[in-house]
Amino acid sequence: MTTFGRMGRLSGTVPLVGIASGRCFAGNAALLGCCDVVIATPDATIGMGGPAMIEGGGLGVYRPEEVGPLSVQVPNGVVDVAVADEAEAVRVARRYLSYFQGERASWEAPDQRLLRHVVPENRRRAYDMRAAVAGLADTDSVLELRPEFGVGVLTCLVRIEGRPLGLIASNPAHLGGAIDRDAADKAARFLQLCDAFGLPVVSLCDTPGFMVGPDAERTATVRHFARLFVTGANLRVPLVTLVLRKAYGLGAMAMMGGSTRAPLATAAWPSGEFGGMGLEGAVRLGYRKELESIADPAERARAFEERVAELYERGKAVNAAAALEIDAVVDPAGSREWILAALAGHPVPEPGHRPFVDTW
């Protein structure tokens, strides 16, 4: 049989969409897994081995519904989009394919003034990044992939003034926007998808960095995080970055393709802030002895906040722009205009230059 090899060779050459409805086991699941995007209905069960194969291997007796239901395959990233029924599956498949069919002449834009209110004045408060995505994109043009997997980063297909684009965004509502292993894998694979089919990428950055610590390292973060750097450094499609708030550490560099200078253009909203690591952590480390020498807890807390405020002033977006670390500080309401101006006239490679899209 040559089916599986031929299916694999299509990867990166043409968009591949798989729809699972009902039982999808063994060879069918293998073909499904070769697809760029997997859409599934509620009754779908997806597994590399069905009940008969599992029982024959002496691994137990299971009903089909117990092998790879959506409750497993959506949060683990196998399914990109869960839908209500087959009719919606077809609609989503058509919508997905439409992003690879060029620009649309007609479009509507949301009220751009609302973007000025997305990021809270309190820099420590979380907010809904999806509101920023919906505000930037043309009305009803957002298709989010894998929303329940790697939730620290959003991956969406969008349009701006009818132009199809890929978009990745930090999710400050999860781990404060820190990037963990699954989020890194999800973002890196999405970048490959956009690169394969000629979609420029917009990155919305608000991250304190990568997740670190003994628990994080048990998930092999060194390798998984490096995927973002390797993928970003080898993109042939243009990448533009908007820093909405935090741009700290290696995580921010990864969201930008490697550095503030790696994207075609890098800008920030006035709420943007830059640094080698989170401000609070930098103060705790850099001023440890000074803070420990203050006996009064209230006075120590006041000194801590003063040091944080000092670092915040230094790392403000306007200062980063003045030092030529980024290209501009833009009014949130002018973000769409800035993105399109940055992309104007920049050539996009024809689909097919990437040999394949990583299945994961």
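How many aromatic pairs does a search of the whole structure find? The search finds five, where rings of Phe, Tyr and Trp (its six-membered ring) pair if their centres lie within 6.5 Å, and planes under 30 degrees apart count as stacked, over 60 as edge-to-face and the rest as tilted. The structure is a predicted model, in which local features need pLDDT of at least 70 and side-chain atom pairs count only at pLDDT 80 or more, while totals for chains, interfaces and linings use all residues. Residues are numbered from 1 along each chain as its sequence is written, and side-chain values use heavy atoms, with hydrogens and water left out.

One of the pairs is formed by Phe210 and Phe225, which is stacked because the ring centres are 4.0 Å apart and the planes stand at 10°. Phe210 lies in the loop between strand 9 (201–207) and helix 8 (214–217), and Phe225 in helix 9 (residues 221–233), so the pair ties together parts that are 15 residues apart in sequence. Helices (H or I, at least four residues) and strands (E, at least two) are DSSP runs, numbered from the N terminus. Phe210 is buried at 14% relative accessibility, and Phe225 is buried at 7%; buried means under 20% relative accessible area, exposed over 50%, and partly exposed in between (1.4 Å probe, protein chains only).

Tyr96, Phe100 and Phe197 make up one aromatic cluster. Charged groups also sit over rings, a case counted if NZ of Lys or CZ of Arg is within 6 Å of the ring centre and within 35 degrees of the ring normal. The charged end of Arg159 is 4.4 Å from the centre of the Tyr99 ring, and Arg146 lies over the face of Trp360 at 4.7 Å from the ring centre.

An open sheet is formed by three strands in the order 1-3-5, with parallel pairing; two strands pair if DSSP finds at least two bridges between them. Strand 1 (17–20) and strand 5 (81–82) are the edge strands, each pairing on one side only. Strand 1 is joined to strand 3 (residues 37–40) by four bridges, and Gly18 has Val38 as its bridge partner in strand 3. Helix 5 (residues 86–98) packs on the sheet and touches strand 1, strand 3 and strand 5, its direction making about 170° with that of strand 1. Such axes are lines fitted to C-alpha atoms, for helices over the stretch in contact, and angles run from 0 to 180 degrees between N-to-C directions.

The largest nonpolar core has 47 residues, and Ile39, Leu228 and Phe274 have the most contacts inside it. A nonpolar core is a set of buried Ala, Val, Leu, Ile, Met, Phe, Trp, Tyr and Cys residues joined through side-chain atoms within 4.5 Å. Helix 7 supplies the largest share of this core, nine residues. Beyond its neighbours within four places in sequence, Ile39 is in contact (heavy atoms within 4.5 Å) with residues including Val17, Ile19, Val81 and Val92. Another core, of 30 residues, lies apart from it and has Val133, Val202, Trp338 and Leu340 among its members.

Trp338 and Leu340 are among the buried residues of helix 15. Seven of the nine residues of helix 15 (residues 335–343) are buried, and the helix is followed by Gly345, whose phi is positive, near 75°.

Most residues other than glycine have a negative phi. Ala26 has a positive phi near 55° and lies in the loop between strand 2 (23–25) and helix 2 (27–33). Ala26 is partly exposed, at 26% relative accessible area.
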